[in-house]
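Here are some notes to read alongside the model. Take the points in order and find each element as you go.

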Amino acid sequence: MLITRRRLLATLTGAAAAIGVPSIWMTTMKTYDGPVSDHFDGLHFFDPDGSPPKSLGEVLRWQFGGGRKRAVWPEWAPSPHADTPPPRVEGDKVRLCFVGHASWLIQTAGLNILFDPVWSMRASPFSFAGPKRHNDPGIAFDKLPRIDVVLVSHGHYDHLDVATLSKLAGAFGPRVITPLGNDVTMRTSDAAIKAEAFDWHQRAELGNGLAATLVPTRHWSARGLFDRNKALWASFVLETPAGKLYIVGDSGYGDGGHFRRVAEAHGPLRLAILPIGAYEPRWFMRDQHMNPEDAVKALADCGAAQALAHHHGTFQLTDEAIDAPAIALGEALDAAKVPRGKFVALKPGQVFEI
């Protein structure tokens with residue numbers, strides 16, 4: 001197969017956005033500098049129970065090797081839903097709106113919290129290349145209530161969107177809670193972003209009785225050529241008046257140990273938000289992204305009373321069809337004899353309340 005310069009550029013840009021393959025254009029970048037720990041060797045973070053990221057050679061094998069079956073997504077797949085959130089949600093009620101991909105608005109106890117907010121048209125370091133949106137955010141930016149806190153799980157472009165964080169900083173000036181090293185990325189790009197960095201197992205008090213604890217997840221991170229695993233990645237356990245919410249941005253399943261340990265340390269969990277998309281081909285994605293069958297097992301492992309699905313249907317990062325994750329989730333729930341209502345895949349703009 002002939003690999004043109006344009007196709008190689010698009011491939012590497014898309015891979016950098018989706019799975020952290022280093023962007024060949026970003027050659028210098030400030031990174032985290034801190035003490036050695038059981039998951040930081042002084043230069044790189046690592047998951048003692050995880051797997052190393054795929055090599056560039058493996059990326060090229062996936063993208064250009066024979067037999068690849070990449071589904072074609074519709075150019076535009078609009079959601080029938082669009083939300084206009086209330087200014088605040090008080091008391092012990094939690095209102096969650098699915099913005100799209102891995103972005104959520106969570107309203108409870110008088111605070112408004114965004115998770116992994118991406119309002120940009122592309123999940124990419126560039127405006128002209130990389131995965132682009134196939135539907136609008138479920139909340140128009142100018143319809144957002146005042147945002148108090150932002151949680152950012154890791155540095156991949158479909159989760160840490162500096163353009164959106166800068167816009168939020170200008171509009172609302174929220175606190176941004178993120179794993180170690182991602183604060184450097186944010187402040188280097190825009191000093192106005194109020195980034196606060198935390199390690200695994202550290203707890204951030206958010207106010208009004210809310211708190212977020214960063215917990216290990218099976219993933220990795222990179223934004224540039226020389227920063228592979230130089231920033232940490234995490235999931236969050238969010239303490240709310242209605243119970244604890246377990247929010248997983250990206251994760252492979254592995255042996256399920258991460259999910260069981262969260263249940264042991266933080267259970268019982270009222271709700272889990274679990275990724276179900278960007279999983280094909282499995283030989284490449286298994287160690288970093290769950291498929292729906294994995295996600296159903298993760299729900300059983302963490303023991304949450306309810307689950308919501310995300311990380312699907314907005315950016316085409318991998319090879320499965322746009323609707324494949326939601327269809328496969330229903331099939332996996334049926335196979336596991338779990339009621340479909342216990343693990344729901346929303347469309348952008350839909351709301352779930354507890």
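**Notes on the fold**

1. Let's begin at a turn: E7 and E8 form a hairpin with 2 residues between them, and Asn-208 in that turn has a positive phi of about 55°. Strands (E, at least two residues) and helices (H or I, at least four) are DSSP runs, numbered from the N terminus. This is a predicted model, in which local features need pLDDT of at least 70 and side-chain atom pairs count only at pLDDT 80 or more, while totals for chains, interfaces and linings use all residues. Residues are numbered from 1 along each chain as its sequence is written, and side-chain values use heavy atoms, with hydrogens and water left out.

2. Strand E7 (residues 203-207) runs antiparallel to E8 and is joined to it by 4 bridges; two strands pair if DSSP finds at least two bridges between them. Arg-203 has Thr-213 as its bridge partner in E8. On the next pairing, E8 and strand E9 (residues 235-240) are antiparallel over 5 bridges, with Ala-211 opposite Glu-239 in E9.

3. Is strand E8 enclosed or open? Of the 6 residues of E8 (residues 210-215), 6 are buried, so the strand is largely enclosed by the rest of the structure. Buried means under 20% relative accessible area, exposed over 50%, and partly exposed in between (1.4 Å probe, protein chains only). In a regular strand the side chains alternate between the two faces of the sheet. In E8, Leu-210, Ala-212 and Leu-214 point one way, and Ala-211, Thr-213 and Val-215 the other.

4. Step back to see the sheet around E8. It is an open sheet of 7 strands with mixed pairing, in the order E7-E8-E9-E10-E11-E12-E13. E7 and strand E13 (343-345) are the edge strands, each pairing on one side only. From one strand to the next, the twist averages 20°. Within the sheet, E9 and strand E10 (residues 243-247) run antiparallel, joined by 5 bridges, and Phe-236 stands opposite Ile-247 in E10.

5. Two helices deserve a look here. H5 lies across E8, E9, E10 and strand E11 (269-275), at about 160° to E10. H7 lies across E10, E11, strand E12 (307-310) and E13, at about 155° to E11. Axes are lines fitted to C-alpha atoms, for helices over the stretch in contact, and angles run from 0 to 180 degrees between N-to-C directions.

6. How do these helices meet? The axes of H5 (residues 257-266) and H7 (residues 292-302) come within 7 Å and cross at roughly 25°. The contact (heavy atoms within 4.5 Å) is made by Phe-259, Arg-260 and Ala-263 of H5 and Ala-298, Asp-301 and Cys-302 of H7.

7. There is also an open sheet of 7 strands in the order E6-E5-E4-E3-E2-E1-E14, with mixed pairing. Strand E6 (194-198) and strand E14 (351-353) stand at its edges with a single partner strand each, so one side of each is left without a neighbour in the sheet. Strand E1 (residues 94-100) pairs with E14 in the antiparallel sense over 3 bridges, and Arg-95 stands opposite Glu-353 in E14.

8. Finally, the largest nonpolar core has 38 residues, and Leu-96 and Trp-104 are among those with the most contacts inside it. Such a core is a set of buried Ala, Val, Leu, Ile, Met, Phe, Trp, Tyr and Cys residues joined through side-chain atoms within 4.5 Å. A second, separate core of 24 residues includes Met-290, Ala-295, Cys-302 and Phe-343.
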